[in-house]
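Hi,

Here's the structure I said I'd pass along. Have a look at it first, and then read on for what turned up.

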Amino acid sequence: MAVPGIGAPAPDFNLPRDGGGRVSLSDFHGKPLVLFFYPKDDTTGCTAESLAFTALAPEFEAAGAAVIGMSPDSAACHDKFIRKHRLSVALASDEEKTTLQAYGVWKQKSMYGRNFMGVERTTFLIRQDGTIATIWQKVKVQGHAETVLEAVRNLAA
């Protein structure tokens, strides 16, 4: 599926999350949501990205925004990842890849001449009304969380 456009309604989801329970888009109605999609728990880039969002979590909260990471890893895998790196951001598990597909981030990738399906690192900033405000595709981790935080602050201004 294609990535939904800016101004479009964000695709709904209701998924298992770290620590048990479930998380859905409707849980965040009335506040901005940063939804970052990443390929795999406990890999170099995904760990750096999750740590960056964790480091800025108090600032996202002060700006009124929630932050959720999502990958196809299981909730149990997320729990281990959170414990190992002391992450404070919520992590949703999309093992069925339905939400990954709805957001257009489950794509064919290539590494070392081998093609495979995987998550393209992408972040969505979703407005209080559930529409998409900003999309960052093919994210480079360095400085990304700071860029997203600035967009959240500008959204609230």
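One thing to keep in mind from the start: this is a predicted model.

Let's begin with Ser24, which sits in strand β2, residues 22-24. Its relative accessible area is 8%, and since anything under 20% counts as buried, Ser24 is buried. Its side chain makes a polar contact of 3.0 Å with the side chain of Ser26. Leaving aside residues up to four places away in sequence, Ser24 touches Phe13 and Asn14.

Next, the largest pocket. Its volume comes out at about 220 Å³. There are 15 residues lining this pocket, and the ones closest to its centre are Glu61, Ala65, Ala66, Val67 and Ser88. Two elements give two or more residues to the lining: α2 (57-62) and β4 (66-71). Of the elements, α2 gives the most, with four residues.

Finally, take a look at Arg153 in helix α5, which covers residues 144-156. Is it buried, exposed or partly exposed? Its relative accessibility is 37%, and because that falls between the 20% and 50% cut-offs, Arg153 counts as partly exposed. Not counting residues up to four places away in sequence, Arg153 touches Glu59 and Ala63.

Cheers

Definitions and conventions:
Residues are numbered from 1 along each chain as its sequence is written. This is a predicted model: local features need pLDDT of at least 70, side-chain atom pairs count only at pLDDT 80 or more; totals for chains, interfaces and linings use all residues. Side-chain values use heavy atoms; hydrogens and water are left out. On a 1 Å grid over the protein atoms alone, a cavity is a set of points where a 1.4 Å probe fits but cannot get out, and a pocket is an open set with protein on both sides within 12 Å along at least five of seven lines; lining residues have an atom within 4 Å of a point. Grid points are joined across faces, edges and corners, and a volume is the space filled by probe spheres set on the points. Buried means under 20% relative accessible area, exposed over 50%, partly exposed in between (1.4 Å probe, protein chains only). A polar contact is a pair of N or O atoms within 3.5 Å; within protein, one must be able to donate a hydrogen and the other to accept it, and residues adjacent in sequence count only if both atoms are side-chain atoms. Contact means heavy atoms within 4.5 Å.
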